[in-house]
Amino acid sequence: MASDSSFLFSGIRFNRKKFGVDIARFQKKESDTDSTKISSVAEDESAKSREAVEEKTTSTKKRKRKGNSSGIHILRDAIFRKQHNIHVSGYNVPSPLQSFDELKSRYNCPSYLLRNLKELGFKLPTPIQRQAIPVLLDGRECFACAPTGSGKTLAFVCPMFMKLKLMTKNLLRNADFSKFPCDIISTPLRLRLAIKKKKIDLSRVEYLVLDESDKLFEPELFKQIDSVLKAFSNPSIIRSLFCATLPDFVEDRARELMHDAVRVIVGRNLNPPVLVFLQSKERAKELYGELAFDNIRVDVIHSDLSQQERENAVDNFRAGKTWVLIATDVVARGMDFKGVNCVINYDFPDSASAYVHRIGRSGRAGRTGEAITFYTEEDIPFLRNVANLMAASGCEVPSWLMELQKKKWKKHRPKRDSISTKPETA
Ligand SMILES: Nc1ncnc2c1ncn2[C@@H]1O[C@H](COP(=O)(O)OP(=O)(O)OP(=O)(O)O)[C@@H](O)[C@H]1O
């Protein structure tokens, strides 16, 4: 996508029901605990004096108040997470950070670390930092997935720095630095060899981060990584897995590797099936290459494929084997897609009819659907046309969009920057 691109949501569907269910579940858990406590007090009543009963009633009320206030905390955290697109699972997940200053009040973070963050211009934690940092500082294992560039590095480095500071005294007293002349930077294969030859002892490591775990756990590296991981045998080790995409094999490995880990996912979850439109087959192939590299279940249809190949791709998409199908307007026109949850106009459509054809693929037969349209500066003159179409189909349209000038919209296909991040071969 061109570097100056921003995006427009057309027809966002907000899943209120799911949010409602989540809150109800939290509240039920709280009230379940309270009712257990109250009934145990009632059983004791006959055997105790009136005074004792009164004392217990008071303490029950106190506990109940405490329960309510922690219920409020849970609700407040749930709303905060929702606002920041943070999804968590696991028991007793610590509250997300409201600010970096909370690192001091909640975790006694040394002031110089906070000063450094300020000097770097980091005003607020990013969503992954808000949730993953407290999880790790609470000594919990963490499985975190957040998009590239979302600040994952600081999310695992910050607790590491804070823990190092806390252990400084012990380190100075016990460490034999002559044996640690440098940090170790190694590929998994070399590290495995060093472990095998007993050149390195990892049995006392206390904090292990597997960054880019979506790449580390790819089947080709599986054996190497597995034997390296076994060498981290400290039972109180805190392990964390960070990744930008969430293929099934990463989820499976995370589940095998960690027990009681808190799972933190940031970002809008992919809601397959998703159909993505590009303006040319060259760009469609480029995007396919990028998404396939990230292990997304993706396929592409373009005019270089035979009719049979295209039909196979559509069949796999319909059967749920492929989650994302990339297409161009010309090829998609003759194909029948059903049950598409989301249409993404990665390249702005070249005309009103292209827009209508594309988004008409989602939300069929009374189902709701979502359409997302990316636009660059060159596409802005045509935004008003999209706004009109949205308004005509009953969507809520922001007023700034309706105030834009309208321009004749036909054969609009600007030259766009390459999508591929592959280095060019000389
Ligand atoms: N709280 C913050 N405020 C402002 N900038 C931040 C913050 N945290 C990190 N950054 C900056 O954001 C950029 C991206 O961060 P980082 O490289 O950690 O992302 P990432 O999620 O690890 O990306 P990738 O998946 O590509 O490795 C960096 O330039 C980093 O300095």
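**Strands, cores and the ligand shell**

Modeller: Let's start at strand β3, where C142 and A144 point one way, F143 and C145 point the other way, and all are buried. Before we go on, this is a predicted model, where local features need pLDDT of at least 70 and side-chain atom pairs count only at pLDDT 80 or more, while totals for chains, interfaces and linings use all residues. Residues are numbered from 1 along each chain as its sequence is written.

Colleague: What makes a residue buried, exposed or partly exposed?

Modeller: Buried takes 20 or more other C-beta atoms within 10 Å of the residue's own, exposed takes 12 or fewer, and partly exposed is in between, with C-beta atoms placed from the backbone. Of the 426 residues of the protein, 26% count as buried.

Colleague: Which strands does β3 pair with, and what counts as pairing?

Modeller: Two strands pair if DSSP finds at least two bridges between them. β3 has 4 bridges to β5 (residues 238-243), running parallel, and 4 to β6 (residues 262-266), also parallel, so both pass the cut-off of at least two. In β5 the bridge partner of C145 is C243, and in β6 the partner of C142 is V262.

Colleague: Why is β7 called largely enclosed?

Modeller: Because 5 of the 5 residues of β7 (residues 274-278) are buried. Both faces are covered, with V274, V276 and L278 on one side and L275 and F277 on the other. Two parallel neighbours join it: β9 (residues 324-328) by 5 bridges and β10 (residues 342-345) by 4. L275 has a bridge partner in each, L325 in β9 and V343 in β10.

Colleague: What makes a group of residues a nonpolar core?

Modeller: It has to be a set of buried Ala, Val, Leu, Ile, Met, Phe, Trp, Tyr and Cys residues joined through C-beta atoms within 7 Å. The largest one here has 38 residues, and V276, L287, L325, I326 and A327 have the most contacts inside it. β7 supplies the largest share of this core, 5 residues. A second, separate core of 37 residues includes L137, C142, F143 and L241.

Colleague: What does I326 touch, and what counts as a contact?

Modeller: A contact means that two C-beta atoms, placed from the backbone, lie within 7 Å. Not counting residues up to four places away in sequence, I326 touches V276, L278, A284, L287, Y288, V298 and V300. Across the protein, residues 24 or more positions apart account for 74% of the contacts with a separation of 6 or more.

Colleague: How do you know which residues surround the ligand?

Modeller: A residue is near a molecule if its C-beta atom, placed from the backbone, lies within 6 Å of it. There are 13 such residues, and the closest are F122, T148, G151, K152 and T153. Helix α6 (residues 152-174) gives the most to this shell, with 3 residues.

Colleague: Why is G151 called partly exposed?

Modeller: It has 18 C-beta neighbours inside 10 Å, so it counts as partly exposed. G151 sits in the loop between β3 (142-145) and α6. Leaving aside neighbours within four places in sequence, its contacts are T126, I128 and Q129.

Colleague: What makes N85 and N108 worth a look?

Modeller: Their phi angles. Most residues other than glycine have a negative phi. N85 has a positive phi of about 60 degrees, and N108 has a positive one near 55 degrees. N85 lies in the loop between α2 (50-83) and β2 (86-89), whereas N108 lies in the loop between α3 (102-107) and α4 (111-119).
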